[in-house]
Amino acid sequence: RIQVHFLNIHKYPVCSPANGTLDYPVLQTDDAKEGAAAAKLVTLYTEGAGFNMAPVITSGSLFTGIFDLNPSDQLSSTKFGIPFDSKPLRFKGYYKYTAGEGPFYNGKATETLDQKDKCSIAAILFEIENDNDVLTGHDINSSEKIVAEARLADGSDKAEYTSFDLEFEWKKDYDASKKYKLAIVCSSSAEGDAFKGAAGSTLIIDEFEVISE
């Protein structure tokens, strides 16, 4: 069993192109389901920031793994997964969500879509050959190494804390002789990896738990 509590979250600022101030896509909030703190993820409008290298939308994301900035290939900066040595059965937790009220950007400031933003929460188990193996933003949803996953189906607005209890769905048989990593991945814009979303979308998460066999 793994329990995740959101305390002492590292905050990485993004410079707002509109006013030059620093905004934070990941924050710690005292609006917690239990305990002193929860994690707050916010989608920001960032086109023109970072010497014009930032996308139009930066979604707030929180995940198990490491972040190693690669300006020339932003999706490879997220390296998902931590070692996991048991068979996961269920993924549980609480969340609340408010979609941004502004336009839903389609990867460019000049192009919008007539749709509402939604959040994403998922736990993904994948095979590794050695401890340095990871998945990235390029393949976290599509890799053939994925063995099982538990994904939140309803990413719509939730004004109050809402519980989820998801069974892992298996793509391959679990083999205790193999090595695995588990990635828990959350985003305030479900299509943030494609730089799509609405500024102001806010996801608050707390009391995550993975229950194993």
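**Note on a predicted, mostly stranded protein model**

1. The protein exposes about 11,200 Å², and carbon and sulfur atoms supply 47% of that area. Accessible areas come from the Shrake-Rupley method with a 1.4 Å probe, and for residues only the protein chains shown count as cover. This is a predicted model, in which local features need pLDDT of at least 70 and side-chain atom pairs count only at pLDDT 80 or more, while totals for chains, interfaces and linings use all residues. Residues are numbered from 1 along each chain as its sequence is written, and side-chain values use heavy atoms, with hydrogens and water left out.

2. Confidence. The mean pLDDT of the protein (the predictor's confidence in each residue, from 0 to 100) is 88, and 86% of the residues reach 70 or more. Over residues 7–11 the pLDDT is below 50; this stretch has 13 contacts in the model beyond near neighbours in sequence. A contact means heavy atoms within 4.5 Å. Residues 17–22 also have pLDDT under 50, with twelve contacts beyond four places in sequence.

3. Overall make-up. The secondary structure comes to one helix and 22 strands. Helices (H or I, at least four residues) and strands (E, at least two) are DSSP runs, numbered from the N terminus. Of the 213 residues, 45% count as buried; buried means under 20% relative accessible area, exposed over 50%, and partly exposed in between, with a 1.4 Å probe and protein chains only. Among contacts with a separation of 6 or more, 69% are between residues 24 or more positions apart.

4. Nonpolar cores. A nonpolar core is a set of buried Ala, Val, Leu, Ile, Met, Phe, Trp, Tyr and Cys residues joined through side-chain atoms within 4.5 Å. The largest one has 27 residues, and those with the most contacts inside it are Phe91, Tyr95, Ile121, Leu203 and Ile205. The elements that give two or more residues to this core are β5 (38–42), β12, β15 (120–128), β17 (146–151), β18, β20 (179–187) and β22 (202–212). A second, separate core has eleven residues, including Phe63, Ala122, Ile124 and Ile140. In soluble globular proteins, nonpolar side chains tend to be buried together.

5. Strand β15. How many of the nine residues of β15 are buried? Eight are, so the strand is largely enclosed by the rest of the structure. Two strands pair if DSSP finds at least two bridges between them. β15 runs antiparallel to β20, joined by nine bridges, with Ser187 in β20 as the bridge partner of Ser120. β15 also pairs with β17 in the antiparallel sense, over five bridges; there Ala122 stands opposite Arg151.

6. A three-stranded sheet. An open sheet has the order β9-β10-β16, with antiparallel pairing. β9 (65–67) and β16 (135–136) stand at the edges with a single partner strand each, so one side of each is left without a neighbour in the sheet. Three bridges join β9 to β10 (residues 78–80), and Lys79 in β10 is the bridge partner of Ile66.

7. Salt bridges. The structure holds eleven of them, each being a side-chain nitrogen of Lys or Arg within 4 Å of a carboxyl oxygen of Asp or Glu. Glu167 meets Arg90 at 3.3 Å, N to O. Glu167 lies in strand β18 (residues 158–167) and Arg90 in strand β12 (residues 88–98), so the pair ties together parts that are 77 residues apart in sequence. Glu167 is exposed, at 53% relative accessible area, and Arg90 is partly exposed, at 26%. Arg90, Asp165 and Glu167 are linked in a network of salt bridges.

8. Two further pairs. Arg151 and Glu149 form a salt bridge at 3.3 Å, N to O; Arg151 is partly exposed at 34% relative accessibility, whereas Glu149 is buried at 14%. Lys158 pairs with Asp154, the closest N and O atoms being 2.7 Å apart. Here Lys158 counts as buried, at 17%, and Asp154 as partly exposed, at 35%.

9. Backbone points to check. Most residues other than glycine have a negative phi. Phe195, not a glycine, has a positive phi of about 60°; Phe195 sits in the loop between β20 and β21 (196–198) and is partly exposed, with a relative accessible area of 26%. Glu207 likewise has a positive phi, of about 55°. Glu207 is found in strand β22 and is partly exposed at 22% relative accessibility.
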